[in-house]
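The sequence and the coordinates come first.

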Amino acid sequence: MKKILNIIILENNNSLINSIEPIKNELNVTIVENKKTLFEHLSNNTFDLIILDSETSLTNVLTVLKDIKNDEKWSQTPVFVSHSESNLDQMKQLKVVGFSGILKKPISLKKLQTVFERLPIKKEITEDKIYDLSYLRMFSGGDKEFEAGIIKYYLENSNIVTTELQNEFDNKDFKKIVKIAHTFANQSYFFGYKSLYKNIQILEKEATSEKTKNVKRLILEITKQNNQLLTQLSKI
Amino acid sequence: MKILVCEDDVMLSKGIEFRLKKEGYEITCVENGKEAMEILEDNEFNLIITDMLMPYSNGLELIDFVRTKQKMDTPIIVLSRVGDSTTVVEAFKMGANDYVTKPFSPEELILRSKRLIS
């Protein structure tokens with residue numbers, strides 16, 4: 001399920017909120033006009049991003065930023081500063097205190113979306129679970145030790161398989177690719193990553209027909225997908 | 001009751017071994033038809049479960065060995081892949097008793113195994 005980003009903005013004009021309007025359904029935005037209200041909200045809520053508008057006065061922004069960074073409860077929350085004029089000295093001061101980046105006005109929707117995409121929380125959103133262990137559990141009958149053994153085997157060996165696929169492609173040995181893909185498809189099925197399983201099946205078919213371009217593309221895609229799967233499986 | 005499992009995919013082989021052992025069967029796993037033939041020279045089993053596509057000697061060669069050379073009537077279940085009906089038909093012609101299509105439910109394999117062993 002997609003998480004709605006929780007953002008707090010310190011500003012006393014409507015420049016930021018107007019920029020956000022087209023994507024407001026993806027955001028939970030809180031606007032505050034002064035430092036006191038900002039910290040009241042920070043104390044009672046968890047935010048994914050703080051935006052400080054420097055038009056409220058740089059001195060004020062610097063003080064607020066220092067106070068944010070000095071409190072461990074929200075010191076890790078990314079803080080962006082919006083401003084109209086580039087001033088190197090000001091930027092240096094903000095950098096020393098520890099801001100995450102600048103949003104230069106006028107702030108476009110594209111700029112904001114780029115910032116959101118880079119947030120740690122956004123990365124977590126895109127890393128939805130890609131595996132499904134139902135099939136493995138059908139075999140294990142709930143035996144965790146067996147499941148762990150199968151996962152460990154896959155973690156240790158599947159990278160070898162993708163390397164073999166690439167090596168056999170370099171050797172133009174399509175028969176071996178067919179054989180490797182045949183076994184690899186069954187192995188990947190244990191983890192319910194349907195797209196990976198489907199791609200391996202297609203690879204087996206395309207390698208049988210010696211379709212070089214497709215085989216090359218599929219091996220790259222399978223390797224990428226398998227690496228994603230391994231990353232997630234290693235966290236179980 | 002002894003079952004010989006001939007499957008070169010280690011993960012699937014481990015899965016089959018794990019589930020059939022839970023059912024009380026004694027399981028021997030080998031990774032290709034050649035190994036299976038060597039074991040069958042000196043051992044008897046109540047059931048053989050074999051993959052078709054394997055290195056060295058494939059499933060059809062194993063079935064031929066069991067039925068023609070060894071003249072054994074040990075039940076054989078073939079593990080086939082989706083859409084490989086030609087191989088399944090060939091396996092039946094050579095004497096296989098049943099087949100399951102990969103990926104299969106372990107329950108299905110257990111039921112088919114029990115039916116053939118009894």
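Q: Is A:Ile23 buried or exposed?
A: This is a predicted model, in which local features need pLDDT of at least 70, side-chain atom pairs count only at pLDDT 80 or more, and totals for chains, interfaces and linings use all residues. Residues are numbered from 1 along each chain as its sequence is written, chains are lettered from A and ligands numbered from 1 in the order in which they are written, and side-chain values use heavy atoms, with hydrogens and water left out. Buried means under 20% relative accessible area, exposed over 50% and partly exposed in between, with a 1.4 Å probe and protein chains only. A:Ile23 has a relative accessible area of 8%, so A:Ile23 is buried.

Q: How many Å separate the C-alpha atoms of A:Ile23 and A:Gln232?
A: Along the chain, A:Ile23 and A:Gln232 are 209 residues apart.

Q: What is the relative accessible area of A:Ser75?
A: A:Ser75 is found in the loop between helix H3 (58–69) and strand S4 (79–83) of chain A. Leaving aside neighbours within four places in sequence, A:Ser75 is in contact with A:Ile68 and A:Lys69. A:Ser75 counts as buried because its relative accessible area is 15%.

Q: What is the C-alpha to C-alpha distance between A:Arg217 and A:Leu203?
A: A:Arg217 is found in helix H11 (residues 212–233) of chain A. A:Arg217 is partly exposed, with a relative accessible area of 48%. A:Leu203 is 14 residues from A:Arg217 in sequence, and the C-alpha to C-alpha distance is 9.3 Å.

Q: What radius of gyration does chain A have?
A: The radius of gyration is taken over C-alpha atoms, and the globule rule is 2.2 Å times the number of residues to the power 0.38. A compact globule of 236 residues would have a value near 18 Å. The C-alpha trace of chain A spans about 70 × 40 × 30 Å along its principal axes. The radius of gyration of chain A is 25 Å.

Q: How many Å apart are the C-alpha centres of domain 1 of chain A and domain 2 of chain A?
A: Chain A is divided into domain 1 (5–126) and domain 2 (134–233), with bounds that come from an automatic or database domain assignment. The C-alpha centres of domain 1 and domain 2 of chain A are apart by 43 Å.

Q: What is the radius of gyration of chain B?
A: Chain B has five helices and five strands, and from the N terminus on its elements run β-α-β-α-β-α-β-α-β-α. The globule rule gives 13 Å for 118 residues, so chain B is as compact as a globular protein of that length, with a radius of gyration of 13 Å.

Q: What percentage of the residues in chain B is buried?
A: The C-alpha atoms of chain B fill a box of roughly 35 × 30 × 25 Å along the principal axes. Of the 118 residues in chain B, the buried ones make up 52%.

Conventions:
Helices (H or I, at least four residues) and strands (E, at least two) are DSSP runs, numbered from the N terminus. Contact means heavy atoms within 4.5 Å.
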